[in-house]
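Colleague: Before we discuss any details, could you show me the sequence and the model, and then take me through how its features should be read?

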Amino acid sequence: GDYLAGASAVRGMEDAVLRMTDAEASTLLDHFVSVDGARAVQMCQCAGTNYLGASFDMPVLVLHEYEDGKIAKESLYYAARDAYAQLTQPASGD
C-alpha cells in the first residue's frame, strides 16, 4: 500500500514529475554532509504546480554525491503515495 506497484504505475509517476509546470525546494528542513565530504543529504519542502494546474507541497529528501567538488549525482526521494496523489490530482473545479 505504501509503494507504487507495476511498471505502468511507476511510468505514470515519472510522467507526472516530468510534466510539472514548476517546482521549488521552498524550505530547507535539515541537512547533513558526510565526514569525507563525498555525500550530502538535504531534507526540504518542495512546492509547485502539477501539470493539471493543482498545487502540491510535500517533503523531499535529496542525496548529492560529489566528485572533484562538483555534484556528480543527485537522487530525490519522497513518500510515493502522497507524491503520486499530489502530482496527478486535477486543479479544483475540474
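Modeller: Let us begin with burial: a residue is called buried under 20% relative accessible area, exposed over 50%, and partly exposed in between, with a 1.4 Å probe and protein chains only. Of the 94 residues of this chain, 22% count as buried. Please keep in mind that this is a predicted model, in which local features need pLDDT of at least 70 and side-chain atom pairs count only at pLDDT 80 or more, whereas totals for chains, interfaces and linings use all residues. Residues are numbered from 1 along each chain as its sequence is written, and side-chain values use heavy atoms, with hydrogens and water left out.

Colleague: Which pattern does the chain follow when read along the sequence?

Modeller: Helices (H or I, at least four residues) and strands (E, at least two) are taken as DSSP runs and numbered from the N terminus. The chain has 2 helices and 4 strands, and their order along the sequence is α-β-β-β-β-α.

Colleague: In which sense do S1 and S2 pair, and over how many bridges?

Modeller: Two strands are said to pair if DSSP finds at least two bridges between them. Strand S1 (residues 22-33) and S2 pair in the antiparallel sense over 10 bridges; Asp-30 has Met-43 in S2 as its bridge partner, and His-31 has Gln-42. These two strands form a hairpin with 5 residues between them, and Gly-37 in the turn has a positive phi of about 75 degrees. S2 is also joined to S3 by 11 bridges, again running antiparallel, with Val-41 opposite Leu-63 in S3. S2 and S3 likewise form a hairpin with 5 residues between them, where Gly-53 in the turn has a positive phi of about 90 degrees.

Colleague: Which residues of H1 are buried, and how do they fall when seen down its axis?

Modeller: The general idea is that an α-helix has 3.6 residues a turn, so residues three or four places apart point the same way. In H1, the buried residues are Ala-9, Met-13 and Ala-16. Taking the directions from the helix axis to the C-beta atoms, these buried residues fall within an arc of 65 degrees, so they line one face of the helix. The face turned away from the buried side of H1 carries the exposed residues Ser-8, Arg-11 and Leu-18.

Colleague: Which residues make up the largest nonpolar core, and which element gives the largest share?

Modeller: In soluble globular proteins, nonpolar side chains tend to be buried together. A nonpolar core here is a set of buried Ala, Val, Leu, Ile, Met, Phe, Trp, Tyr and Cys residues joined through side-chain atoms within 4.5 Å. The largest one has 10 residues: Met-13, Ala-16, Cys-44, Cys-46, Phe-56, Met-58, Val-60, Val-62, Ala-83 and Leu-87. Two or more residues each come from helix H1 (7-18), strand S2 (39-49), strand S3 (55-67) and helix H2 (80-88), and S3 gives the largest share, 4 residues.
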